[in-house]
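Here are a few quick notes to read alongside the structure. They are meant for someone opening it for the first time.

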Amino acid sequence: MTEILLKDVRKSYGTVEVIHGVNLDIHSGEFVVFVGPSGCGKSTLLRIIAGLEDVTEGDILIDGDVVNRITASERGLAMVFQSYALYPHMTVYKNMAFGLENAKLPKPEIEQRVTAAADMLQITPYLQRRPKALSGGQRQRVAIGRAIVRDPKAFLFDEPLSNLDAELRVTMRKELAALHKSIGGTMIYVTHDQIEAMTLADKIVVLQGGVVEQTGRPLDLYNTPQNMFVAGFIGSPRMNLIEATVEQDTLVAGPHRIGIPPVDGLVPGQEVTFGVRSEHLQITEADAADITVQVDFSEQLGGETYLYCSAEGMPQLTVHQIGQLPVEQGQALHLKLNRANLHLFDADGLTIANGIAA
Amino acid sequence: MADTATTERRTLWGFLTATRGRGRLHWTDVFTYLYLFLGVVLMFGPAVWLALSSFKTQSGLLEFPPTLLPLGQIEVEVEGYDEPLLLFDVTMEDGSVRQLAQIRRVGIVAQMVDPAEPDVRIDVPIDQRTATREFRVAVENYTDPLERFNFLTFLQNSVIVTVVATLVTLLINSMAAYALSIYEFRGRNAIMLLVIGTLMIPITVILVPVYLVVTELGLVNSLWAVILPGAATPTGVFLLRQYMLTIPRDLIEAARMDKASEWQIYWRVVMPLAMPAIAVLAIFSIMWRWNDFLWPLIVLNRSEVYTLQIGLNAFQGELNVQWHYVLAMTVVTLIPVVVVFAFLQRFITTGIASSGMK
């Protein structure tokens, strides 16, 4: 069991700083997901933990020891690469045994470990094949197998599912979750896909521009985002974010006036952004409605329906409804906003309130 | 089987006689075939002539006008003469042509005899006779140098130099290329430029200094004097480096995570993957070393350390060149290079194309 601690980690390439002081506490056996848009520094952070990149400032501690000066091979971590990075000239068996041979393990033990891992990942029939002769999903399993056989202190995954097709990605996601349950190691997983983050993580770390925006359990991030970036990034479809001006107990967005109960810290005349998730917009009668919108188009998925609507003075709003909904393009809809699920952000994007009591 | 053979022959013939227009001869066809034919003659003509001439006798070589095929004058046993006599076609005074054997030549008159009537001597002006010749192969051109001279020793020396030097070259150059492609350090490009820059210094310029170094090391008249100075070639470093740059960095990092030492990464990951480029360099090195003349000529002065090329040179005296031996042994020295090339030529195109060296 392994704890990893990052203390004010900074990374610069020349004069450009890309990681601006990250503090992170990864507990033993935890599945931590780094998520963020492209170029947010999540992969760099992972590579710093792996030892493939040096830190410019700050400390990395594995089980209490500072490992800044310890090379990647000595840190005892295993990594699964986005490209899988299987050695093309070796068979699957050799690929998995390579790390163990380097660790000078006796042959019988290598064989026993590789066989066990191959059984677990159901790749036993392919052990004598070259990576070229495997499908994407099989290569992915081999890459994971190569990490497992090492029995590492922690597993690092660098966008491991992004080269797979959508269906396979869902399958592998479930398998990864099951894998984490069965072997229970500390895992750090980098992805730009917030669905992967939500489904896999014990703890999500949202990064943007080399800064940790928020750390927390998936649903905590979903329900109580600390800022507008996290609110917009976590959740699919995106949270509807609407700019508004505060008047006395009212949010004014274009011609729409949305009455709210009093909130601490709101000053009349203040420019704010309020956010509401698509499932928290209810279709109601005209007299109970906060806003009236027109349906631009709808996505009927059978079990659920997404409506994309427009209203004057507002960006496009996404409405999520369970079940099938007979709506036509251009039809007018009356929407009510759940006050309890309304998020308010100030002009700097920081959260003023997550949910306003009725 | 017979069917496939015929179809293959037909397609090969179809390929060799392919025309631009369907069935009709376009002017570009004529031009192309002329051009290609010229190319074939230019390329193969000298080699074929060399091979044919190597079977000629010494006198056959000096003959004017030269013949293409190795022809030898027929000798016949004539009753009453101890030595076999040379046979000539003689135009008699009445215009008839008879085959006579020459006993001796006195000034412009040859004393001849009809092999059928050994008792009758006939005097013939020498411009009335032409040598009767037949196709004859002078195998002694090959056997003599191999038996009487030390050509087997030369061959052995050449093989040792070529094999050892090629192995050393591959090892040193690939190690340099590994450092210059896999590691990122300040001044890497400067060093690469320096290495490539040495290409501009012709060997004749550094001949004397290198000779002095070799002398100081006491290597003169040992094969190491030939092997070591040319072991590190800028061409080889460049070729291998360009190829190694195409090896995905993920693989190197994966190996590093797999606890591989730098030597193991080099030997077990990078070298196998750089095989196409290594094969190209091996071919080049074998050809360079096998054909090398100037440097061995300088440092090898005793005949027991001669390489083939130097041994060949020994046939060229100041006054007398033994062309028949020179030609035959030239053919012998060509054979290994041709064989190596024939078996490895497919690597040359792939290796050169993918290393970016054209």
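Predicted model: local features only at pLDDT ≥ 70, side-chain atom pairs only at ≥ 80, totals over all residues.

1. Now for the overall form. Chain B has 15 helices and 8 strands. Its radius of gyration is 30 Å, while the globule rule gives 21 Å for 358 residues, so chain B is more spread out than a compact globule. Along the principal axes, the C-alpha atoms of chain B take up a box of roughly 100 × 70 × 40 Å.

2. If you look at the contacts in chain B with a separation of 6 or more, 65% of them join residues 24 or more positions apart.

3. Next, the meeting of the two chains: 14 residues of chain B are in contact with 17 residues of chain A. Which helices of chain B each supply at least two residues to the side that touches chain A? They are helix 10 (249-257) and helix 11 (262-273). Helix 10 of chain B gives the most to that side, with 6 residues.

4. As for what that side is made of, the residues of chain B that touch chain A split into 8 nonpolar, 5 charged and 1 polar.

Note on methods
Residues numbered from 1 in each chain as written. Chains lettered and ligands numbered in written order. Contact = placed C-beta atoms within 7 Å. Helix = DSSP H or I, 4+ residues; strand = E, 2+ residues; numbered from the N terminus. Nonpolar A, V, L, I, M, F, W, Y, C, P; charged D, E, K, R; others polar. Rg over C-alpha atoms; globule rule 2.2 N^0.38 Å.
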